[in-house]
Amino acid sequence: KTKEGTQAFDRVILATGGRSYPVTGSTGDGYRFAQKFGHSLVPLRGGLVGILLEDSFVKDLEGLSLKNVSLKARGDRKLSLFGEALFTGQGLSGPIALTMSSYINRWKKVDLALDLKPGLTPEKLDQAILRDFQEGPNKEIQTILAGRLPHRLVDVFLSVLDLAPHKKVNEITKVQRKSLVETMKNFPLHYGGLDKLDHAIITSGGVDVKEVDPSTMESKKIPGLYFCGEVLDLDALTGGYNLQIAFSTGHLAGESAGKGFEKS
């Protein structure tokens, strides 16, 4: 039904997109249409979206980019992603955080940590830190760490360890050095959920694919109704895969819906 009246069609393709990025006009109408036709929806979640953190230090680190780090998650399973991350005023973003969000957006519990030196084993890192201490025994711990970590991260790192920045390294005990190494390999982050769906790159969830014929994209409930793209419960990681899902399902839905209407 439109302002111009009621229109009847033999076949309809729902290609309305998801619920994320509302500025593009994608308001989630397709989900309401699908439900009116009797289709089930998998609950919507943000995919490829920023991770919110409950740590007070995130505001101090806003804009800090970390390269060659690993983001580790523990929950429904263990997962580690290597690459770049970016602190925002609310939490963590950047490639590995966005990718991680699509893995953990349905986990019931999430524990996060950053491995700031993934290229070194704890033993190798301890040896390197010990060497730093031996080469500058009268240097302050903040000076030593500035050679291993981004400058803006040093004070936050030391506050997590409860170590005074001006403490001389020759006053650091073996136990404290071990704790330093452990924290560098497992810098704790307190998970506060994911950023809102409006800020997500893609929508995770949607029309249950069990109710759609994968060979034609036609509804199993309503003959003549087809689905494609992000309105379906289909999403993937970065790398063009979500575009490919849209192109492939759209092509298949179009070909399937057009059969029997070809010009002779």
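What is the relative accessible area of D126? D126 has a relative accessible area of 22% and is partly exposed; buried means under 20%, exposed over 50%, and partly exposed in between (1.4 Å probe, protein chains only). The model is predicted: local features need pLDDT of at least 70 and side-chain atom pairs count only at pLDDT 80 or more, while totals for chains, interfaces and linings use all residues. Residues are numbered from 1 along each chain as its sequence is written, and side-chain values use heavy atoms, with hydrogens and water left out.

**Figure 1. Salt bridge between R177 and D126.**
The structure holds five salt bridges, each defined as a side-chain nitrogen of Lys or Arg within 4 Å of a carboxyl oxygen of Asp or Glu. In this view R177 forms a salt bridge with D126, and the closest N and O atoms are 2.8 Å apart. R177 belongs to helix 6 and D126 to helix 3 (residues 122–135), so the pair ties together parts that are 51 residues apart in sequence. R177 counts as buried at 13% relative accessibility. Helices (H or I, at least four residues) and strands (E, at least two) are DSSP runs, numbered from the N terminus.

**Figure 2. Salt bridge between K185 and D115.**
The closest N and O atoms of K185 and D115 are 2.9 Å apart in this salt bridge. K185 lies in helix 6 (residues 174–185) and D115 in strand 7 (residues 111–115), so the pair ties together parts that are 70 residues apart in sequence. K185 is buried, at 9% relative accessibility, and D115 is buried, at 7%. Side chains of opposite charge can pair when their charged atoms come close.

**Figure 3. Salt bridge between R148 and D132.**
The side chains of R148 and D132 meet in a salt bridge of 2.8 Å, N to O. The pair links distant parts of the chain, 16 residues apart: R148 is in the loop between helix 4 (141–145) and helix 5 (151–161), and D132 is in helix 3. R148 is partly exposed, with a relative accessible area of 23%. D132 counts as buried at 16% relative accessibility.

The strands follow the order 8-7-4-5-6-3-9, with antiparallel pairing; two strands pair if DSSP finds at least two bridges between them. Strand 8 (187–189) and strand 9 stand at the edges with a single partner strand each, so one side of each is left without a neighbour in the sheet. From one strand to the next, the twist averages 40°. Angles run from 0 to 180 degrees between N-to-C directions, and axes are lines fitted to C-alpha atoms, for helices over the stretch in contact. In a regular strand the side chains alternate between the two faces of the sheet.

Strand 4 (residues 65–74) runs antiparallel to strand 5 (residues 78–87), and eight bridges join them. A hairpin of three residues connects strand 4 to strand 5, and A73 stands opposite L79 in strand 5. Strand 4 pairs with strand 7 in the antiparallel sense over five bridges, and R74 stands opposite D111 in strand 7.

**Figure 4. Helices that lie across the strands.**
Helix 2 (residues 95–104) lies across strand 3 (51–53), strand 4, strand 5, strand 6 and strand 9, at about 140° to strand 5. Helix 5 lies across strand 4 and strand 8 and runs at about 85° to strand 8.

S20, in the loop between strand 1 (12–14) and helix 1 (29–36), is buried with a relative accessible area of 4%. Apart from its neighbours within four places in sequence, S20 is in contact (heavy atoms within 4.5 Å) with S26, L197, A200, I201, I202, T203 and E230. I201 lies in the loop between strand 9 (191–194) and strand 10 (202–207) and is partly exposed at 36% relative accessibility. Y21, V23 and I201 form a nonpolar surface patch with about 310 Å² of accessible area together. Patches are made of residues with over 30% relative accessible area and no salt bridge, like charges being joined within 9 Å and nonpolar side chains (Val, Leu, Ile, Met, Phe, Trp, Tyr) within 5 Å. Accessible areas come from the Shrake-Rupley method with a 1.4 Å probe; for residues, only the protein chains shown count as cover.
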